[in-house]
Amino acid sequence: MKLGSSPAFSFRLLPLATTMLLVCHGARAGELTLFASLPPQSYVVERVAGEAARVFTLAEAGQDPHVFEPAPRQIAALANADAYFLAGLPFEERLAQKARASNPALRIVDACKGIERLPSPEAAQQAHGEGADGAPGQERPDAAGHAHGHEELDPHVWLSPVALQIMARNIASALAEIDPSNAAKYQANLEAFAQDAQATDARIAAQMKPYEGRSFFVFHPAFGYFAAAYGLRQRAVESEGKAPTPRQLRELIAEARRENARVIFVQPQFDRSAAEAIASAIGAEALPLDPMERDALANLERVADALRNAWDRQ
């Protein structure tokens, strides 16, 4: 059995109605109520908190976190929580402000503090002087008409085993401050998670070593941290949430042919038609690969297996 996939750490997402019922009726005596933005982040919170907390997720499986908007009931439920762990997503700051206005005691925790963030693929492209169509990059005007370049950071930090360990340390530190009576338990849970993450990292590093420098093709550029961790190159079909232009599509098809790509991975949160067009043009398959799987450690191994299988078909 792979690390992180044992029954002890298999948690299902609670439907919104159930979430509201549980939060409104309160946690068990002495139990914390915690919120996280994403399923893989909730998994880390659950690993560290153990039985001392009940953890709820805002953007559930199948939802695109880049455009996610919480329902009013979720905002109300969050306002009754003890802590909210952030993942660096666009909707979080506004949501945290609303929840804290209702509950000033709500602890807002940046779970990604200290993680070395990668620039978004679009920002990296801009830094090299290229626009979305390969032309020299232009600064974009904002809503007020002020021009500025791409400043976004890649938010998909949970696809790095090192980042997951930093996230877990931030979570453990916050929980120890909120609930000092269980600080020793949180530390023990943190150490167990770190051991699992390090073992997962070592296994994947050995598996990816023969493929260093290889490219893989995805629809949405969610796997940059995984690629950086193991010396790989991610090539994305879409840019800034937009389908490729005809010129970009031709360039991607040409590159995929040069790489002899046989698989293009598509996340279930996005429309797969553009990826299927490229796959059809080069005789490849468009296969699902979900960066939002709840069990973050097991999903890292699934990503490694999917990439290895794709390259072995070339």
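Helices (H or I, at least four residues) and strands (E, at least two) are DSSP runs, numbered from the N terminus. Axes are lines fitted to C-alpha atoms, for helices over the stretch in contact, with angles that run from 0 to 180 degrees between N-to-C directions; contact means heavy atoms within 4.5 Å.

The model is predicted, so local features need pLDDT of at least 70 and side-chain atom pairs count only at pLDDT 80 or more, while totals for chains, interfaces and linings use all residues. Residues are numbered from 1 along each chain as its sequence is written, and side-chain values use heavy atoms, with hydrogens and water left out.

**Sheet and helices**

Strands of a sheet pair through backbone hydrogen bonds, either parallel or antiparallel. Here, an open sheet of 4 strands shows parallel pairing in the order β2-β1-β3-β4, where two strands pair if DSSP finds at least two bridges between them. Because β2 and β4 stand at the edges with a single partner strand each, one side of each is left without a neighbour in the sheet. On average, neighbouring strands of this sheet are turned by 25 degrees against each other, direction ignored. Strand β1 (residues 32-36) pairs with β3 in the parallel sense over 3 bridges, and Phe-35 stands opposite Tyr-84 in β3. Two helices that lie across strands of the sheet are listed below.

| Helix | Lies across | Angle |
|---|---|---|
| α2 (residues 39-49) | β1, β2 and β3 | about 175 degrees to β2 |
| α4 | β3 and β4 | about 170 degrees to β3 |

**Aromatic pairs**

The whole structure holds 7 aromatic pairs, counted when ring centres of Phe, Tyr and Trp (its six-membered ring) lie within 6.5 Å; planes under 30 degrees apart are stacked, over 60 edge-to-face and the rest tilted. With centres 4.9 Å apart and planes at 65 degrees, the rings of Phe-68 and Phe-91 form an edge-to-face pair. Phe-68 lies in the loop between β2 (53-57) and α3 (72-78) and Phe-91 in the loop between β3 (83-86) and α4 (92-102), so this pair ties together parts that are 23 residues apart in sequence. Both Phe-68 and Phe-91 are buried (under 20% relative accessible area; exposed is over 50%, partly exposed in between; 1.4 Å probe, protein chains only). Tyr-211, Phe-216, Phe-223 and Trp-311 form one aromatic cluster.

**Loop residues**

Ser-120, in the loop between β4 (107-110) and α5 (121-127), counts as buried because its relative accessibility is 7%. Leaving aside neighbours within four places in sequence, Ser-120 is in contact with Glu-152, Leu-153 and Asp-154.

Asn-260 lies in the loop between α9 (246-258) and β9 (263-266) and is partly exposed, at 30% relative accessible area. The phi of Asn-260 is near 55 degrees, a positive value in a residue other than glycine. Most residues other than glycine have a negative phi.
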